[in-house]
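The entries below follow the order in which I looked things up.

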Amino acid sequence: MAATDARTLRALGGPAARDRARSAAEAGRPARERLPYMVHAEWTKLRTLPTTWLILAAAVLLTTAIGAAATSGLDPGHCRGTEPCAEDIVKQSLTGVLVGQVVVAILAIHAVCGEYATGTIRTTLTAMPDRVRVLVAKAVVVGGLTAAAGAAGVGAALGTARFVLLSQGFDHAHGYAALTLADGATARAAVGSVLNLVLVGWLTLGLAWLVRDSAGAIGSVLGLLYLSPVLASLANDPTWQHRLRKYGPGPAGLSVQNTLRLDRLDIGPWPGLGVLAAYTGAALLVGGLALCRRDA
Amino acid sequence: MAATDTTPPAPPAPAPSAGYRSTLGPGRDGFGRLLHAEWTKLRTVRRWVLTLLAAVAATLIVSVLAAGGIHNGGGDKPPPTYNDRTVNDGFRFIHQALTGDGTITARITGVRPVREVGPGFDHPVSAPWAKGGLMVKTSTTPGSDYAAVMLTERHGVRFQAHFVDDTAGSSTSGDDARWLRLVRTGDTVTGYESADGTTWHRVGTTHLSGLPQTVEVGLFATSPEGLEISRSFGSTSVTGGPTRATAGFEKVAVQGTTAGAWQTHDIGQERRPGPPPPDMPPFPDNESTQNGDAFTITGSGDVGPMDIDADAVRQSLSGALIGLIPIAALGVLFITAEFKKGMIRTSFLASPRRGRVLAAKALVLGAATFVAGLLAAVPAFLLGRSEWKRNGFRPPVYPDLGLGDGPVLRAVVGTGLVLALVAVLALSVGVLVRNTAAAVAIVVVVLVLPQMLMAGLPVGAARFLSDYTPIAGFSIQSTTPNYPQVDGSCLPEDGCHTYAPWTGPGVLLAYTAVLFALAVWRLRRRSA
C-alpha cells in the first residue's frame, strides 16, 4: 500500500518524474514510455471521443462554407476605377480559416481541458510520467489532426471558391485566372493557411496546459487572436494600427494568405507566420513549464 | 448517529395514506427566492465577479483608446447654421423679391449631371441627389429658412424645407420634364407637381414661422459632392469631390407683387480672395443663361442637412465591442458550470420548474451585466467627451452633448442594455450547446467575426452583417442623425447603420428571444 502511494506520488510530482525518466532512459526505456507508444495512446484517447470527429467536421465545413459565403458577395465590376479591380480572390476564398482557427482551438482545448475536467489527466500522468513527452505526444496528435482537417478545409474552400468565382464572372475577360494550386502565390496561401491552423492549435494547447479550465482557455485564445484586429479597426492612430497588425498573432499569422500587392502588407507572408510561431513557442514553453511544475 | 435510547422529538408521523409532506413552508419556491439564489451563485464565484470586472475594464480601456487620436482639423470658415445645426446652403439662385402671397410656376426640362472630370476624380462622377427647382427663401443669407419643390437626378420630385425635411413626390427621372409650382399663402408654402401643367398634385406643404412679408422666390440648381467608395485589398477608399448639374426651366411665371427683375446669386459660395487651399478642391463655376421665360442653371453645392460622419459618442463607447467577450464567457459559464459540476441537479431539485430557473438566471445575469455595462459606459463617455473636445470636436459642427442629452443617454444606457442581451444570448447558447468552450466560441465568433470581416467585404455584404446579425444591437450607440436625402459615406465598418438607433437592439432582442425560448424548451425536454 505504502509502496504504491510512493510510486504514484513520484509519478505525479514533476521533478521526481524527470529524475525517473532520466534514469529510465539510462536503463533503456520500457516500450510504453517511448514516444511512438505515447503518441498512439494520445491518438486512441482522442480518436475514441465522438466529439473529436464532430469538431474536425465542423472545422472543414465552416472553413469551406464561410469561404464560399465571402466569395459569393464579390462582383468583378464593383470598382469602377481606371485600373483593373484587384480583388485578392485567394485571400477571400480562405476567409473561413478565421473561423477554422477557433474550431481548431476548441479541438486543442477538448484534448487538454477535457482530461482535467474528468480527472483522466492523473491516469495519463501515472501511465506516462514524463510530462514533456506527454506534451509532445499531444502536440503531435493535435497537430496531425489539425493539419489533416486544415488541408481538407483549405482544399475544399479553394475548390468551392473556384466554382463560385467562375460563376460570378471572375474569368480571363475580367483579368482573373481561375484558382489553382499550380500558382505559386496560391499554393503559398494554401500551405500557409494549413500551417496557420496547426500553429493556432499548438498555441491553444500551450494556453490550455497553463489555464486548464476550458472557459478560460477559449477566452484567452479568442482574446489573443481577435483583440488585435478589432483594436486596430477601432484605433485611430495609423502607427498603432500598423503595429497591432504587424505584431498581433491573429492578423500577422494570416498575412500568409495574401497574394496581391505584398509590398503594401503590414508584415510579409512568411515573417507574419513567424510572428504567430513565436507566440506559439512562447505559449508551449509557458504551458509546458506549468505542466511540469504544478501538481496535476 | 445519536444514541438509540434518547429518541429526539420526531416530526409528527405522517399518515400512511397521505404520503410524505415537507414541513418547510411553501415560501421557499417563490420567484423572489429563486432570484436571490441565482444572485448568490453569481456573486460568490470569485472568477465570475472577476470576469464581470474584466468586462468593465476592457470596455473602459478600449473606449478611451478609441476616443483618443481622432483629430478634427476643421475648416477655416464655419458652415452656416440653422436652428443651431450646421447645414449646407450652397446653390445658384435666380430670384426676385415677392411681397405678400404669390405663386411661381415653371416647367423643368430635366436635371442632368455635367459630364466632366471634377477636381478629386480622374473620371466623370455624378451625384444622384443633384437637384433643381423652385424655392421660397426668407433671404439670401446662408442658413436662412426655405421651402422648395424640386426634381432630382435619381430620386424623383421632392419637397424639402427647413434643411432637414424631405417629402417624396413622383419618381420622375432627372431626364424627364415635369411641371412644378410653389404657392405662398401667408407663412405657409405648398409645393405642387404636374405632368401636363393642368392637373396638379400636392407634393408637400410646410409652415415657415416668422416668414417676412417680402421673401425671395426663384429657380435654383445645385449638385452635392460626388462620392465614390471603392474597396479592394481589404481597405476602403472614399473619394469625394464637387460635381455640377444643369437644370433647364421653361415658361417660368411668377404671380404676385414682385420687384419684377431677376437677380442671380451664388448662395453661400463667395470666393475667398487668392488661390484655393491646396487640400480642398475648388468649387466648379456656377453658370446660368436666360432666354425670355426660359432659364438654364448649372450649379454646384447642396442645400440640406450636413452629414456628420464622425460620431464621437459612439467612438467613445466602442470598447463594448471588446467588453462583450468576457460578458459572453460569463453568460455561458453561468449555466454550463452548473451542468459540469452537477449543481444543476441541486438547482432543479430545489426548484423543479426549469423554465423559471432559467428565467431567474437570465434576469440576474442581465441585471448584473446591465449594471456592469453602465459602470463602463458612463466613465467611458465622460473621458471620451473631454478627449474629443480637446481634439477639435466642438460646436457648431459637433454638438456639445452631455450625459443628460437624449441621444447620449440612449447610447450610454443602450450600451448596458445590449451587453445584458448579449449575456442572455450567451446563456441560451450555453443551455443549447452545454460544452463551455464550444458555446463561448460560438457566441464570440458570431459577435466579433463580423466586425473583422466587414472592412474586407463588399459594402452590401458588410451592411448585411452589420444590420442583421446580433452585432446590429450596437446601432443604439449612434447619436448622429442619418439623413436619407444626403449621400454620406455611411460605411458599416464605421458603425454607421441605415436604420434608426432602436432597430438594431430589436434585431438582437429577436435573436435572444428565439434562442432563449429554444433553451427553455431544450432544458425541459432533456434530463439534466
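This is a predicted model: local features need pLDDT of at least 70, side-chain atom pairs count only at pLDDT 80 or more; totals for chains, interfaces and linings use all residues.

I found two bridges between β1(B) and strand β2 (residues 85–89) of chain B, in the antiparallel sense. B:Y82 stands opposite B:R85 in β2(B).

I next asked how many residues of strand β5 (residues 146–152) of chain B are buried. I found that seven of its seven residues are. B:Y146, B:A148, B:M150 and B:T152 point one way, B:A147, B:V149 and B:L151 point the other way, and all are buried. I recalled that in a regular strand the side chains alternate between the two faces of the sheet.

I then traced the neighbours of β5(B). Strand β4 (residues 131–137) of chain B pairs with β5(B) in the antiparallel sense over seven bridges, and B:K137 has B:Y146 as its bridge partner. Strand β6 (residues 157–161) of chain B also runs antiparallel to β5(B), joined by five bridges; B:V149 stands opposite B:F159 there. In the hairpin of β5(B) and β6(B), with four residues between the strands, I noted a positive phi near 70° at B:G156.

The axes of α9 (residues 184–211) and α13 (residues 269–293), both of chain A, come within 7 Å and cross at roughly 20°. I therefore recorded α9(A) as roughly parallel to α13(A). I noted the crossing of α9(A) and α13(A) as left-handed. The residues of this contact divide into 20 nonpolar, five polar and one charged.

I counted 20 salt bridges over all chains. In one of them, A:K138 meets A:E115, with the closest N and O atoms 2.7 Å apart. A:K138 lies in helix α8 (residues 131–168) of chain A and A:E115 in helix α6 (residues 97–118) of chain A, so the pair ties together parts 23 residues apart in sequence. A:K138 is buried at 4% relative accessible area, and A:E115 is buried at 5%.

I also looked up B:D302, which forms a salt bridge with B:K131 at 2.9 Å between the closest N and O atoms. B:D302 lies in the loop between β17 (294–299) and β18 of chain B and B:K131 in strand β4 of chain B, so this pair ties together parts 171 residues apart in sequence. B:D302 counts as buried at 10% relative accessibility, and B:K131 is buried at 2% relative accessible area.

Key: Residues are numbered from 1 along each chain as its sequence is written. Chains are lettered from A and ligands numbered from 1 in the order in which they are written. Side-chain values use heavy atoms; hydrogens and water are left out. Axes are lines fitted to C-alpha atoms, for helices over the stretch in contact, and angles run from 0 to 180 degrees between N-to-C directions. Angles under 35 degrees count as roughly parallel, over 145 as roughly antiparallel, 65 to 115 as roughly perpendicular and the rest as oblique. A crossing is left-handed if the near helix is turned anticlockwise from the far one by less than a right angle, and right-handed if clockwise. Ala, Val, Leu, Ile, Met, Phe, Trp, Tyr, Cys and Pro count as nonpolar, Asp, Glu, Lys and Arg as charged, and the others, Gly among them, as polar. Two strands pair if DSSP finds at least two bridges between them. Buried means under 20% relative accessible area, exposed over 50%, partly exposed in between (1.4 Å probe, protein chains only). A salt bridge is a side-chain nitrogen of Lys or Arg within 4 Å of a carboxyl oxygen of Asp or Glu.
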